[in-house]
Amino acid sequence: IAEYVIKKIKPGGDMMKPFFICTVFLFFLVFAAGCYSYTPPSPVLLGAKYTSANRAATDQILRETKKLSLMDAKHIAQLNNQNYLAAYHAVNAARMRYYQALGAYAPEIHLGSTVGQDMQWNSSRVNPPMTNAAGRDISFKVNSSVTASWLLFDGFARYLNVKAMQSEVRKQTAMQYKVLCMLRRAVAYAYYDIQMAQEVERIQRENIEFQNRFYQMVKPEWEQGKRPEDEVLNFSILSGLAQTGLIAAQYQGNVANYSLARLMGYSEGELPSEVEVHPFEDNIRQMYYSVEMCLDIALANSPEMHIMQQLLKIAEYNKYRSYSAYFPVVYAEAGYGSTQMRTQYKAFKDSHSSFSNNSLSYGVRADWLVFDGFARYNAMREMQTMLAVAQFNMAETYLQIINEIRSAYENYENNLKQVRIYRNLLKEAKKQRDLVAERYQKYHASVDRIDKVQAYYIDIQLQNAAVITDFNKSVAQLEAVMCIDIYARERE
C-alpha cells in the first residue's frame, strides 16, 4: 500500500514512505501482542458427542496409575478441573483490566490517513464563459495526520480506578483460591464416599457369606427333620436382603466414582476399573487444633474473607472516585497534518499541478461540568450506599465463617467420640455373634437370637463406617474453610 501511494504521489513521496511503513508495522505489532496464548480444553470436551476419544483422553491422564491416593486425586484435579482452570484465566482477565486502567496515564496518539481521487468535468458553461477552467481534471490526494491528547488532571479518577482494579485482581485471585479449596473438599468427599461404598460392599459380602453358610448347614438338618423349614427360609431371605444391600452399595460407589472422575477432569466420566482407591481405613487421626485456633486461622486464610475485604476496598475507591466528577478535566493536545495532492488536466493550458501542505497545532484544553441535573450527586450517593452494602456483606461473611468452623468442629468432635465407642462395640458385637452362632449350632439358641445378634453386628459395622466417613469429611470441611492441610506435618 505504501509503495503504491508513493508512486502515485511523486512530490513529497519520500516524506510519506516512513509514515505508511510505520503505520503498517504498528498494526501488525498490536495484533501480535494482543494474542492470548493458553492451552484450550480437550477437543473431546468441546464436542457434542460421546465417542471412543473420551476413553483415549482419560487413558492419557491416567497412564501408569493403578493405586489412586487422596493426595494424587487432589493434585490431578488441580491440574485438570475445568472450573479451577477457568478461575485461573479469570485472574488473568482481571490483570488485563488492571493494565487497561494503567493505560489511562499514557497519552493517546492517533494516526489518520485518507487516500482518494477526485474527478471533475466542466462543460456547457455559457455565462460567464469558461476561461480559466479545464475541461476535465483528475486529482489524487492524500491527507495524513497525527494527533496526541494527554489527560493531565481528572480529579484523581484514574488513580482510584487503578487502585480498584488492583483490588479486583486480588479479589479474583482469592476467588481462584476459593475454587481450589472447594475443589479439594469435593474431591475428598467423593474419595471418602468411594471408600465408604467399598466398605459397605465388604460388610454385605461377609453378611451374605454368613447367611449362606448357615443356610447350607440348616438345610440338611431340615431334610433330616432336625430343624423346621422356616429356619431354612429365614437364612435364605436374609441372604437376599444382604444382596440388595450389596447392590445399593455398588450403586453408591459408582455414583461417587462418576463425581470423582468429573472433578479430576476425566472426559470418559468414570475411573477405569484398573484404577483403585486405597481401602477403607478405620484408624482416625486426631488433630491438634482447638476451635479457637481454627477460628483464627479461618478468618486469616479464608478466601471468602479476602474476597469481601477486596470488595470493600473497591466500594471505597468507587465512592471516592465519584467525588472526582466535581473537578475539571484538563488535557494537553497537539496535532500535525500533511496534505499531498497532484492534479492532471485535460483541455487546459496546463497539463498538471501539485502542492504540499503541512500544519501543526498544540495547546491545553479544560472542561468543567457545572450542572448536570444532580446526576453526579446521586451517583455519589449510590457509591456510598454500595459501600454500606459491602460492609454488611463482609460482616455476614464473618458470621458465616464462624458458623461453618464451629459446626464442622462440633461435627468432628461428635464423630470422634462415636468412633471410640464403636470400636469397642465392634469387638463386643463380633464376640457376641460368634458365641450365639456356636450355641445355635449346638441347638442351645433360637434362630431369632442369631438373627438379632447378626443384625446388631452388621448395623454396628455400617454405623462405624458411616461415622468414620463423616469424621473424615468434617476434617475436609475444616481444611476447606481454613484453607490448610491439617495433617501436612505428619506426611512430612
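This is a predicted model: local features need pLDDT of at least 70, side-chain atom pairs count only at pLDDT 80 or more; totals for chains, interfaces and linings use all residues.
These notebook entries record what I looked up in the structure.

**Entry 1. Overall architecture**

I counted secondary structure next and found 12 helices and six strands in the protein chain. The chain has 492 residues, and buried residues make up 36% of them. I then looked at contacts between residues at least 6 apart in sequence, of which 82% join residues at least 24 apart.

**Entry 2. The largest pocket**

I looked up the largest pocket and noted a volume of about 530 Å³. Its lining comprises 23 residues, and those nearest its centre are Leu-70, Tyr-192, Glu-281, Arg-285 and Asn-472. The elements that contribute two or more residues to this lining are α4 (70-80), α6 (157-223) and α11 (447-482). Which element gives the most to the lining? I found that α11 does, with six residues. By residue class, I recorded the lining as 12 nonpolar, five polar and six charged.

**Entry 3. Helix α6 and its end**

I checked the length of α6 against expectation. Its 67 residues should span 99 Å at 1.5 Å a residue, and its end C-alpha atoms are 96 Å apart, so the two values agree. After α6 comes Gly-225, for which I noted a positive phi near 80°.

Phe-156 is not a glycine, yet its phi is positive, about 65°. I recorded Phe-156 as exposed because its relative accessibility is 53%, the cut-off for exposed being over 50%.

**Entry 4. Salt bridges**

A search of the whole structure gave me 16 salt bridges. I inspected three of them individually.

The side chains of Lys-171 and Glu-168 form a salt bridge at 3.1 Å, N to O. These two residues are three apart in helix α6, so about one helical turn separates them. An α-helix has 3.6 residues a turn, so residues three or four places apart point the same way. Are Lys-171 and Glu-168 buried or exposed? I found both Lys-171 and Glu-168 to be buried.

Also in α6, Glu-206 and Arg-202 are four residues apart, about one turn of the helix. They form a salt bridge, with 2.7 Å between the closest N and O atoms. I noted Glu-206 as partly exposed, with a relative accessible area of 35%, and Arg-202 as partly exposed at 33% relative accessibility.

Glu-438 is partly exposed at 42% relative accessibility, and Lys-442 is partly exposed at 48%. I also looked for shared partners: salt bridges join Arg-97, Glu-168 and Lys-171 into one network.

**Entry 5. Ser-239 in α7**

I located Ser-239 in helix α7 (residues 229-263). Why does Ser-239 count as buried? Ser-239 counts as buried because its relative accessibility is 4%, and the cut-off for buried is under 20%. Leaving aside residues up to four places away in sequence, I found that Ser-239 touches Ile-208, Gln-211 and Asn-212.

**Entry 6. Helix α9**

For helix α9 (residues 303-323), I repeated the length check. The 21 residues should span 30 Å at 1.5 Å a residue, and the end C-alpha atoms are 31 Å apart, which agrees. I listed the buried residues of α9, including Pro-303, Met-305, Ile-307, Met-308, Leu-312 and Tyr-317. Lys-319 is also one of the buried residues of α9. Against which elements do the buried residues of α9 pack? I found that they pack against α6, α8 (291-301) and α10 (375-441).

**Entry 7. Two loop residues**

I placed Ser-42 in the loop between α2 (13-33) and α3 (52-61). Ser-42 is partly exposed, with a relative accessible area of 26%. I then looked up the separation of Ser-42 from Gly-265: their C-alpha atoms are 9.8 Å apart, while the two residues are 223 residues apart along the chain.

Finally, I examined Cys-483, in the loop between α11 and α12 (488-491). The phi of Cys-483 is positive, near 60°, in a residue other than glycine. I recorded Cys-483 as buried, with a relative accessible area of 8%.

Key:
Residues are numbered from 1 along each chain as its sequence is written. Side-chain values use heavy atoms; hydrogens and water are left out. On a 1 Å grid over the protein atoms alone, a cavity is a set of points where a 1.4 Å probe fits but cannot get out, and a pocket is an open set with protein on both sides within 12 Å along at least five of seven lines; lining residues have an atom within 4 Å of a point. Grid points are joined across faces, edges and corners, and a volume is the space filled by probe spheres set on the points. Ala, Val, Leu, Ile, Met, Phe, Trp, Tyr, Cys and Pro count as nonpolar, Asp, Glu, Lys and Arg as charged, and the others, Gly among them, as polar. Buried means under 20% relative accessible area, exposed over 50%, partly exposed in between (1.4 Å probe, protein chains only). Contact means heavy atoms within 4.5 Å. A salt bridge is a side-chain nitrogen of Lys or Arg within 4 Å of a carboxyl oxygen of Asp or Glu. The expected span of a helix is 1.5 Å times one less than its number of residues.
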